Structures are given as structure tokens and as C-alpha cells.
Amino acid sequence: MAQDKKSFFSHSSKDETRDNQIYENVFSEIETLELPLGSSLRSVYDDRPNAHKRFMEKLEARIRNHDREIEKMCNFHHQGFVDAITELLKVRSNAGKLKVQVTDTNRRLQDAGKEVINQSEGVIRCRVHQRNIAITVEKLQLCLPVLEMYSKVREQMKAKRYYSALKTMELLENTYLPQVYQYRFCQIMTENIPRLREEIKEISMSDLKDFLESIRKHSDKIGEMAMKQSQQQRIFNSVVKKQTHNGNERKLYVATGTVLGHLDAATSEPLQDEEEEYEEEGKCLKMRESKVLTAQDLVDFSPVYRCLHIYTILGDRETFESYYRRQRRKQAGLVLQPQSNMHDTVEGYRKYFNQIVGFFVVEDHVLHATQGLVTRAFTDELWNMALSKIIAVLRTHSSYCTDPDLVLELKNLIVVYADTLQGYGFPVSRLFDLLLEIRDQYNETLLKKWAVVFREIFESDNYSPIPSANEEEYRMIISRFPFHDTELEKQPFPKRFPVSQSVPEIYKEFKEFIYASLKFSESLHRSSTEIDDMLRKSTNLLLTRTLSGCLQSLIKKPHIGLTELVQIIINTTHLEQACKYLEDFITNITNVSPETVHTTRLYGLSTFKDARHAAEGEIYTKLNHKIDEFMQLADYEWTMTEPDGRASGYLMDLINFLRSTFQVFTHLPNNVSHHAAMSGKVAQTACMSACKHLSTSMMQMLLDSDVKQISMGAIQQFNLDVIQCELFASSEPVPGFQGDTLQLAFIDLRQLLDLFMVWDWSTYLADYGQPTSKYLRVNPSTALILLEKMKDANKKNIIFSQFRKNDRDKQKLIETVVKQLRSLVNGMSQHT
């Protein structure tokens, strides 16, 4: 139909009838309100000219037709409408009458039934009340247990019976509330129960926090009690072991960190008597019988158990375990943090150890008292972390300790600390390894302490042989130092020991050092062989470092003279011999045979040998220095024409000094053969060294570049001085030289002076280079230097020498010899 409309408006030449048919269709659709009208209306507004106008004309004609039809219809029904209105007016008057009758009837009926209604309403109200009461009773019977249970929950919470409150809430929630869930108060209860659980969790967590704070405060007390118990156990075990030991041989017992008994190598007597030992045993047994306190006696662990139980019931155990472990890990970090001045006193270390022991004692108790709250893996993790931190802290703070007593007390604390934690199942091998490091630190502090002791001994020594006026004094010295000499024993009183006072003092200090070093080796769970090795190594350090350094420093001191140096040599010899007694002393303490393969020997031989060499070298140095001082007093007139006829005064003073000095060597104690040999050897070497140095100094004086001219008279005067030196050498100032050994020190000077005084240049030049030469020790360069100085001296009188034939011949001879000597010197340099 839409296509028909389009064809009607789009083609200009169409039949009129067809157009009317199309308009009729559009009007039909509009009248029937067939929607949508869009397609029909669009056909009216087509592009065809005058389509809209024509449509409007047709529409108005259509409207007029309908108006005429309406008018006809109204005219046809008008009479019937008027009749109906008339009838309706009549009905209205009858209806009013009927209404009045009905109202009257209703009023009379109401009046008649009012009493009945009143009675029936009372009955109804009574019945309703009865029913409500029955229902209320029934519901109250269901609600009362709920209310009672809720009230019980409140009372249990008020009484802090949180576990019972949780069980009651569980029963209330699962059994009672479902029966009365429809009531509002039940809904309120249902909403409150989770809040009550959270309140219980918060309260229990608050109690746990209070507990954590409490154990943090009590950790040091718990640790102190645990360490005391461990120490008492060690003492008790040591006493029991000692009482059950039936051997007759005395041994070292390690009990309380001190030596209970040991042997002195020299006296072989115990340092403690039996009465003191049994008294100590009684104290140990009394401590053993005392009441043993545990962590539970000091701390109430119920908050932990209660909180754990509550969180387990609430299904949140994992959260509680995580929180507890996290807090304890934080507390461990705080406990392991030391005070900055902890190394100042032993109390700082003790408090530090007490806190750590208390912490792990609590963890061990929680581990065994609860199931899974703390696992062995967790405690091991904490312990490994703590152990690394503890070792680092102790390694750092112990390095600051300079007092050996403090280091020893620290060691005893560490041993008790390690034994305590080992008793709770914690591995402590690394702590004992640390003690070996601290032992080295302890030995260093001992070495520094004994260095001061040795210096004080050396400063107070008079470096004179020890006198003994009677047998008592003699025996007292023998008891302090292992000296045995049959020749000295045969001598009458008063007599003198070869050593000075410092020797027995040093020997005594060596034993004290061994005791001090031994104290650290106790309780380290080491074998006797290891302890023996430790003692020997530390003693070797005392020998090779401390005593050796003190001896070297002593020898270099300016106030130590030749006599003192000789006495030091004798002292070191006896100290070297005493080393074997120190080895026996260590053997008696440790009961380790010295024939053991790995036994360390004491390095006394090398130590004291080096000290003797240093002392001997210092003797030679001091002698040479004294000779140099005398040589500086020499005042030769190198251009003198005639000698004085006697030796120079400075040289005679020097020879007298040397003679008196070497007499000191010969007057040293020689009652023992090896002492005489030793002092004689030192004296011989010193005398030879002094003569060689004197000869060299006099030769340098002749060849000194500042001396420009030397006359024959000066040489003759110098020869007189050399003759005195040769006389001193031939007088045997020190016995033991064979033949003219000592005179050979001046052979270079003698041959040089003879050559110039005899003026035997022909022989010198002819025999030069021959092993049988008379002037074999005269070097051409030396002769050349001295000859040129004589040549320069002769030039001063050159005017007068021109009139004396002998002087002119001598001058020519000198020039000839100078040329030949230069040729020899040049030949030597080219050959070289």
C-alpha cells in the first residue's frame, strides 16, 4: 500500500478516482488511530505540487460529513435521553427515603446489640491475653537459657575465665540462639558474640604483651639463677670426681675456675693444703643441696598458655604463633645489643650473659611446655643468630680489655655461660673456639703485664753477684732459683752466687706467668696434651718476645756500663740453663711426658744467646765509643821538628782506662769453670776489638784529610805512642792470648811507621807484592798519602834546602817515590 501511495504522488498524470481512493485510505487510518501514522503522513507531504493543499481540502470535506452524521444521531436519540432523566429523578427521591429507613434500622440494631458487643469484646480480649501469655511463656522458656548463658558469658569474662567464656559462647551460638534467632535481642547477642571474642583476643593479647614485658625484665634474673645452678653443678661434679679419685699422685683439678691444687716444679709441694680443699668441697655440697629455682618460679607462664589456648579455640593459632615469634625475635635483638662500655667491668659482661641465658631458658621452657608454639627449628634459628652476634660482640669488646684479670673473669663467665646453654641443648662449640681466640688476647695482656714486671726487676737490680752470709740465706736463694754448683757449696761463708738479684726474680715471675696462663686453659674441655702445648707456646712467647725485648732494651740503656753488661751475660747464661727446670715445672702441672712427639720445647737457647750477643756487641760498642772520646783529646803538632821523647798524655790515659777495664773482667766470679771461660772469652774479644779499633783510629788520624802536612818529627812522636800500644798488647791485659796475637792489631801501623822512619823505600818497592815482603801490610795508597803530606811539609823550608845537598837529594827521592807509588796505585785500580 505504501508503494501505491508513492506512485500516486510521484506521477503527474493519474486518474482522479485513484487519487480519491488513496485519500480515503489515509483518512481511514487516521480515524481508526492505526499507529504509527508516519508512512501515511509522509505521503501527504510528498514532493508533488499542491499535494498538501489538496489533502487539506479533502480533510475538511471529510470533517463536515462527520459533523452532519453526528447531528443526525443526536436528533434521533434526544427523546429517549429526556425520558431517562425523568425516571432517574424519580429514583433519587425513593433512594432518600430508603436511606432514612436503613439508618433508623441500623441505629436501633446498634442500640440493641451494644451490650452483647461489650461482653463479646471482653471475652475476645481475655482469650487473646490467654493466648499471648501461653505463647510468651513458651518463648520465655526458650529464651531464658539463652539469657542465662549470655549472663554466664559476662560473668566468666568479668572473672577473667576467658577459655570458659569462649566455650559458653560456642554453646550459646550453636545450640541456643538458633532456637530463638527471630527475636531482636538474639540478633543483638549474635552480633555481640564476635565482638566478645575479639575482646577476649585483645585482653589475652594484652596479657601476653604484659608477659613479654615481664620476662624481658626478669630475663637477667632467670639467667643469673640458671648460670648459678650450672656453676654449682660443675663444682659438684668436680668435687665428686675428686673424692672418687684414689690415686696418690697430685693432679690439677679444674672446678670453680681456679687451681685447686698443683705442684711447684722446684719444691714439689701443693699450693693448697687438705683442710682448704675439704672446706671447698663442703661449700660445694651445701650449694648442691640448696633449693633449685626454675624459670617458672620467677615468671608466670599462664598468659602464654591461656592466649595460645584462646587463639587455638578461635581458629587463629597461626596468627598468635607468628606474633609471639616475631616479638621474641625482636626481644632477642634487644637482648643481644650490648652496652657501649660493657668491656669496662666484668659486671657488664655478666649482665649481658644473664639476659641472653634468661631469654633462651624461657624459650626452652615454652618449647617443652607448649605444642608447636615454639619449635626446635625456631629456637635453633634464634640461637644461631644470637651465637653469631654474641661472638662478634665478644670478639670486639674483648679486644679492648687490657687487664688480664678482667679477661680471665670474662673467660670464666663464657665457660659458665656455654655450659649453662649446653645443658639446655644448645650447641656451644663455637663459643669454645672463640675462647681460643680470647686466650691469645689474654696471653697478649699477660705479656704486656709481665713486660712491665721485667722492666721493674731490671731497674731495681744492682747487677752484682748475690751475697749469702750464712746457710739460711743460701738455702733461701736455692729454693727460689734452681742453682746447683758443687764448688760453690764447698766454699766457706760468706760466698756469692754468680748471678744478680734479677735472675731468681725473673725465674719466679716465669712460674707466676705459667700459673696465670694455666688459669685460662682450665674448663676449656681440652686434653692435657693441648693444655701442655698452650702453656709451652705462651711461655715461649714470654721468652722470645717479652723477656728478649726487655733485655735488648736494657742492654741499650745509657746507664748500663761494662760491668753491668758482663753481669747480664752471666745472668742470661743461668736463665738459659733454668729453662729445662721450667719445662719440668710445666710437665708436673700437666702430667704430659716431655718425650711426647708433639711436645713443644722452650726457646731459651736462642733467646738468651741473642741477648748475650747483643750484650757483647754493646760492650764492644761502649769500649770503642770510650776510645773515640780519648782520641778526640789527641793534640799532635804535625810539623814538629823533634819528638817530645815520651808518649802522648791522652794515649797513656787511654791505656790506663783499658787496663783497669779488663781487670774488671778478670775479677768477675770465676768459681765455676764455665763462668771463667765465658768471662775470659768476652774479655779476649773485647780486648782484641778495642786494640783493633785503637789501631784503626790512629791510622785514620795519620790519613785525615784535615792534616795537610806531617813532619818526620811528628812521625817519630806518633811512633812513641804506637810503641806504648804495643807494650800494652804484649803485657797480656787479658789472659788467654797465644803469642803475639794481640800485637798483630797494630801491625799495619808498625810496618807503615818503620817504612818512613827507616826510609827503606828501595826494599818496599823491590819486594812489593811478594808474600815475604817486610812491609807486606803497607798499602801503596796509604804510603802515598802520608808521603805527600811529608813532601808538603818539606816545601816550607825549600829556600834553605836549596843550599843543603842532602835535603835536595831527599826531596828528589821523595818525588821519585811518589811517582812510583802513584804508578802502583794506578796499576791496582786498573787491575781492579
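A salt bridge is taken here as a side-chain nitrogen of Lys or Arg within 4 Å of a carboxyl oxygen of Asp or Glu, and by this rule the count comes to 27 salt bridges. The model is a predicted one, in which local features need pLDDT of at least 70 and side-chain atom pairs count only at pLDDT 80 or more, while totals for chains, interfaces and linings use all residues. Residues are numbered from 1 along each chain as its sequence is written, and side-chain values use heavy atoms, with hydrogens and water left out.

Among these pairs, the side chains of Arg306 and Asp207 meet in a salt bridge at 3.7 Å, N to O. Because Arg306 lies in helix α9 (residues 302-313) and Asp207 in helix α6 (residues 184-243), the pair ties together parts that are 99 residues apart in sequence; helices are DSSP runs of H or I, at least four residues, numbered from the N terminus. Arg306 is partly exposed, at 27% relative accessibility, where buried means under 20% relative accessible area, exposed over 50%, and partly exposed in between (1.4 Å probe, protein chains only).

Within helix α10 (residues 317-335), Glu321 and Arg317 lie four residues apart, about one turn of the helix, and their side chains form a salt bridge at 2.5 Å, N to O. Glu321 is buried at 15%, whereas Arg317 is partly exposed at 23%.

A further salt bridge joins the side chains of Glu444 and Arg545 (2.9 Å, N to O). Glu444 belongs to helix α14 (residues 429-460) and Arg545 to helix α18 (residues 528-556), so this pair links parts that are 101 residues apart in sequence.

Conventions. Helix = DSSP H or I, 4+ residues; strand = E, 2+ residues; numbered from the N terminus.
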